[in-house]
Amino acid sequence: MNQFYVSLNAILCEPICKKTIIGCLMLAAPIFIFAQSDSAQLMPQVVVTGFQPNKIKNTSLNIQSYSLNKINERNPFNLSDALAKLPGISQMTTGNAISKPVIRGLYGNRILVLTSGLRFDNQQWQDEHGLGLSQMGIDRVEIIKGPASLLYGSDALGAVINIIETVPIENATIADISSQLFTNTLGTITDVGLNHKNNRQWWKVHIGAESHTDYSDGNNTRVLNSRNNSYILKAGYGFNKNKWTQENNYNFSYNNFGFIIDSLTTFFTADERRTRKMSGPHHIVMLNMLNSQNTFQLKHSLLKINAGLQSNSRKEDEGGGSISLNMHLFSALENIRWEKELNKITSVVLNQQLTFENNTNYGGRIIIPDANLAEANLAGYLKFRLNKFILEAGAGCNFKYIKTFSTNTLNDPGKIIQPFTKNNFTGNMMLGMAYNPDPILTIKINSASGFRSPNLAELSSNGLHEGVFRYEIGDPTLKLEQNINTDISLEVNHRQYYISGSVFYNYFFNYVYLAPTNELFYTYHVFRYKQQDAKLYGAELNFLVKPVMFPGVEWKESFSSTTGILKNGQNLPFIPAYKLLSSIRFEKQLNRKLRKLFIDPEWLYVFRQDKPAQFETSTGGYGLLNIHSGLEFKGKSHNWIFGLSANNITNTLYADHLSRLKYYGLYNQGINFILSARRSFRL
């Protein structure tokens, strides 16, 4: 098996040659050649997007779709918290507000986030940089597990999180308002929206705000400075004109996240319990995102052009209004995709993608240098439908350019890391099969490769990481990180029961990780970024039963496990513990007006994680009891939805293995009641 991986790696990573360049140009050419054709009818909307619109059973990819209604039923703290309810997904947290998804043991720059079809970069190379996106105004979230670098480019080597914005579908003017109250953080989340559709045109506006005080753990001990507040604006406009459909979205958010470091209480005095002032150390993150998605109906195909601009401003206030870190990431993105049905059994997708990023520092504290990054991706994807078989195959190539500049104190004389330029060229492949021998049975096998270039922190860090008080040193000679993932899944979908199971094996070449050394920088331990082959493997199981004798009852069980090991036998960091989630849902429609009443108690058991990495510690197991409930009213011109959730009802004192606060002796959130009310009505 290892010989196979090494041989395939040699093929994927071979130097640029004449044949490879010609092949990439051939992939790009049809996008512009076929763009001159006339138009036909648009493909219908279906369950999931993925590489192209598909029903879940008609693709070999492991895709999960999570609608906004399902998100709202759980009353999550943020979008990462909502996704962490799914099997195989956890979250790395620094308190409640700062969290990022961990999918099958991978996070940060190994997980690609798409918003409105374009990659989103929230400078996720830093552990205490959260996802930073709100669920307000979205339609659904799709999770594609496994490498998807073929059509999405670098960083999509662990999974893709595809956030899809809502589009008005009803010819009317509809207003909606929602509000959530959190007892533990004395917090609120409020969202007001207005959308309008008139035949071929539509527009929408969403305004939201959230505010939380510090949270309390299972001992009712306040975790100082874990507060946050945010202000969000979303607007959109679109139309369908003859052979051209356009969707434009603008997203703005202004966020303050209190951050917690070791011994914070020695220099930050506890203030009033209900205060929301950001008087202590905190992040200030402002996002601006604008994009335009265009679909052109050609004679026998579709042409999709998506372009956008993103501005990510990140500052750190050390307390008292003094800004130390101040950096800005600007991104310009473009994606062209051509889709065509070649015949009754064959379809093709050709994809071209360009990205340019500029990182600039304006503050006195420098974590990563000023830099320019550019990426170009070309790929082709074929899909064959043969009776009960769906076969998918694709190949592509990618070029990534990184250039760093001399940056204030980061490049002082005597410093190890100096400005550098890197050029990375690689190829990717995918081969998968979905077999539907019976209307209720689906078997999937998928194997794909992924890659990413080491990020700026891994290449060029040289300084004290204040969040964990360690001195980190990067290595500009780090090689391209690549992986090959094989995923096998089985799904049985019946009216009375649903069973799914999947196993995966993910082999990494040149996995980048942070390792402690015997060096000291004054009193601080020195950590260096290193590389080594690694493997991750695990399984996910889901079981749902709707007993015939008990209408409206659903019994659900899900289990997920992940193991990560370096080639030298050491454990990978931030690998989540095994999880078992059990729930019984009771749902009933009472009458025409009381459309739905549900109660959904659940028991989450997280096993002991006793395989820590070098600088980690073991974490004990724990169990959490949660209850979610809701009541929906429907009138002639308005709807009301009320919800009540209770998390950690037993007020268990626990520390999750992926919580960065456990190293400071701090625990996760205690009991929390969330009351929500949502109303939509016609104007």
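Q: On what basis are the values computed, and how are residues numbered?
A: This is a predicted model, in which local features need pLDDT of at least 70 and side-chain atom pairs count only at pLDDT 80 or more, while totals for chains, interfaces and linings use all residues. Residues are numbered from 1 along each chain as its sequence is written, and side-chain values use heavy atoms, with hydrogens and water left out.

Q: In what order do the five strands of the open sheet lie?
A: Strands are DSSP runs of E, at least two residues long, numbered from the N terminus; two strands pair if DSSP finds at least two bridges between them. Here the order is β1-β6-β7-β4-β5, with mixed pairing. At the edges stand β1 (62-67) and β5 (118-120), each with a single partner strand, so one side of each has no neighbour in the sheet. From one strand to the next the twist averages 25 degrees, where axes are lines fitted to C-alpha atoms and angles run from 0 to 180 degrees between N-to-C directions.

Q: In which sense do β6 and β7 pair, and over how many bridges?
A: Strands β6 (residues 138-145) and β7 (residues 159-165) are antiparallel, with seven bridges. Ile144 has Val160 in β7 as its bridge partner.

Q: Is Ser211 buried or exposed?
A: Buried means under 20% relative accessible area and exposed over 50%, with partly exposed in between (1.4 Å probe, protein chains only). Ser211, in strand β10 (residues 201-212), has a relative accessible area of 16% and is therefore buried.

Q: With which side chain does the side chain of Ser211 make a polar contact?
A: A polar contact is a pair of N or O atoms within 3.5 Å; within protein, one must be able to donate a hydrogen and the other to accept it, and residues adjacent in sequence count only if both atoms are side-chain atoms. For Ser211 the partner is the side chain of Arg276, at 3.1 Å. Leaving aside residues up to four places away in sequence, Ser211 touches several residues, including Leu186, Thr188 and Asn228, where contact means heavy atoms within 4.5 Å.

Q: Where does Glu247 lie?
A: Glu247 belongs to strand β12 (residues 244-258) and counts as buried because its relative accessibility is 19%. Its side chain is joined to that of Asn249 by a polar contact of 3.1 Å. Glu247 and Glu165 are 82 residues apart in sequence and 9.9 Å apart in space, C-alpha to C-alpha.

Q: Why is Asn326 counted as buried?
A: Asn326 is counted as buried because its relative accessibility is 17%. This residue, Asn326, lies in strand β15 (residues 323-341).

Q: Which element gives the largest share of the lining of the second largest pocket?
A: Strand β1 gives the largest share, six residues.

How values were computed. Helices (H or I, at least four residues) and strands (E, at least two) are DSSP runs, numbered from the N terminus.
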